[in-house]
Amino acid sequence: MSSSYHSNLSSIILDSSPASHSPASCPDASDEQQLRHHHVEKNAEELEHETSTGAAKQAYHASGNSKMMLCVLCIGLMSDSGDPIMDISREPWNSIRPKSDIKPKGKDLVNEVLRHADAFQLTPAPRPNGWNTQKLMHWLNRNPVTQSRDIKFLCDEVSRVHEILVLAKKEEEEEESKMQQMLSWRDKVPYLRMIHCILEDDVKVAYLKRNDPVSRTQLDARNLVEKRPLNVYELIADKWNSPFFNSKTEVSECHLHYMVSIDCSYSQVKDLAPATPQKVRDKLTEMRTSLIRIIDNWEHSGQGDGGNDYNFDDEDGVEIRDGYEVNNEQEKQFGELKDHSRRALDSRSSFLQKRPSYLLYFWEMIDKHDLLKTTVNRRLNEGTGALDGSVGSVPTVAVQSASKNKRKTNGTPESLDGSFYDGGSDITSVHDDFSTSMKSLEKSLADDRLSRLSLSIRERINHLNDERRKYSTGCCSQMQAIGANNSAMASFYADEQKAIEEEINTNKDELEELSHK
């Protein structure tokens with residue numbers, strides 16, 4: 001019976017032609033027809049099972065393939081490693097913007113609970129409308145999708161979307177990197193354009209006054225863009241971004257790059273990243289720092305034949321005059337180019353090293369337009385400062401050299417601590433005013449501390465007096481209630497009142513001591 005069944009079933013599967021087997025050739029024509037009918041019904045059921053759409057898939061498509069709906073349907077489903085198959089707190093899901101596109105809200109969770117309960121005919125049916133988010137998530141985690149075809153669909157869809165998001169993020173990062181490379185100020189032209197923005201008359205005035213102290217009115221108006229004037233960095237940025245500002249470099253021998261004029265018009269920078277006030281500030285700070293190092297090395301090198309011959313007797317390579325380090329900015333401005341030989345000027349490019357050549361052009365332009373002092377003015381030493389760094393007239397300071405080779409001449413004092421040439425009286429006056437202000441501030445703070453401490457002690461005394469009155473009132477009431485002959489209770493109240501009285505007296509003594517300070 002079994003061999004006959006398998007023989008007939010094999011002949012049906014292997015030969016799909018109905019004429020290949022006649023009823024006469026089969027042991028039983030009725031059995032063959034029954035088997036064929038059974039096989040057709042079975043194939044139809046399998047086909048229907050394979051092609052039918054699960055409830056989760058239907059809900060996902062009905063939402064327009066919403067990633068938020070995908071997240072809701074995946075709640076409670078775990079991978080083989082024990083992690084959720086879709087964790088929106090991790091990449092690449094947490095990069096989706098806006099967050100509302102993927103993070104479900106309370107009403108979305110409520111709808112999923114109702115859909116799930118209806119699909120599985122749960123009884124009693126849940127009533128999630130009054131549930132909070134935590135309870136909704138707890139219910140969905142305990143009642144995840146269970147149909148195998150729905151689970152397979154959700155896992156496949158999560159993998160597909162995950163791969164798309166990863167590829168999209170990678171392409172976006174690569175595109176952004178390329179764009180940044182294209183837009184960044186890599187060539188010297190944007191820097192040269194910024195230099196010429198500074199040289200414009202309206203910007204130049206603001207550049208010279210950029211470090212001036214501001215009044216209270218100006219300080220209060222700093223956050224009101226419509227009321228305050230533009231600062232120098234905003235002026236430079238606006239000028240740099242303006243299509244009406246077109247400039248070109250001057251012919252200069254500071255470097256081979258500037259032997260011919262370079263076009264710095266708007267057409268040369270229109271495809272680059274625009275200038276912003278913060279970007280201008282950062283770029284100028286970088287340029288100033290690099291330029292100070294170049295000038296410092298160039299000044300101390302002697303600049304070859306015809307250059308300035310400094311007396312570097314000190315071990316640290318600083319100028320020694322009469323046994324003391326001298327920084328005399330009034331004799332020769334730091335970085336000033338006039339009165340130098342051609343050979344000395346030509347040697348400047350040797351100190352660039354790997355720095356950009358536009359620094360030498362910047363040096364020459366600010367020197368030509370009298371902006372050198374306010375741009376590269378150096379601090380005098382570790383303990384000295386100037387009232388206004390935007391002007392070049394700073395006091396000259398003589399500090400005793402720390403080297404062993406000190407030369408002392410007629411009547412030179414052993415120590416010059418606090419001694420100043422040129423402007424010393426002004427600095428001494430400023431120092432005295434500062435000391436007086438600090439002493440006044442310290443006294444004011446001390447008085448304030450004493451006042452606050454006295455107030456605290458007075459409040460403590462008042463509180464203790466209130467406690468003493470409460471005990472007196474409570475004592476009378478209790479003694480009346482339990483009888484006046486209760487000696488233990490009377491002793492307790494007496495001790496408490498005595499302790500309060502002693503603490504009051506102690507606080508009064510402290511208050512008396514503070515009043516004499």
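Searching the whole structure turns up 2 cavities of 30 Å³ or more, a cavity being a set of points, on a 1 Å grid over the protein atoms alone, where a 1.4 Å probe fits but cannot get out. This is a predicted model, in which local features need pLDDT of at least 70 and side-chain atom pairs count only at pLDDT 80 or more, while totals for chains, interfaces and linings use all residues. Residues are numbered from 1 along each chain as its sequence is written, and side-chain values use heavy atoms, with hydrogens and water left out.

The largest cavity has a volume of about 50 Å³, a volume being the space filled by probe spheres set on the points. Its lining, meaning residues with an atom within 4 Å of a point, includes Ala55, Arg115, His116 and Asp150. Helix H5 (106-119) and helix H3 (55-62) each supply at least two of the lining residues, and H5 gives the most, with 3; helices here are DSSP runs (H or I, at least four residues) numbered from the N terminus.

The second largest cavity holds about 40 Å³ of space, and among the residues lining this cavity are Val72, Leu73, Glu112 and, once again, His116.

Turning to the helix pair, the axes of H9 (residues 201-208) and H11 (residues 232-241), which are lines fitted to C-alpha atoms over the stretch in contact, come within 9 Å and cross at roughly 155 degrees. That makes H9 roughly antiparallel to H11, the label for angles over 145 degrees. Asp202, Val203, Ala206 and Tyr207 in H9 meet Val232, Leu235, Ile236 and Lys239 in H11, where contact means heavy atoms within 4.5 Å.

Note on methods: Axes are lines fitted to C-alpha atoms, for helices over the stretch in contact, and angles run from 0 to 180 degrees between N-to-C directions. Angles under 35 degrees count as roughly parallel, over 145 as roughly antiparallel, 65 to 115 as roughly perpendicular and the rest as oblique. On a 1 Å grid over the protein atoms alone, a cavity is a set of points where a 1.4 Å probe fits but cannot get out, and a pocket is an open set with protein on both sides within 12 Å along at least five of seven lines; lining residues have an atom within 4 Å of a point.
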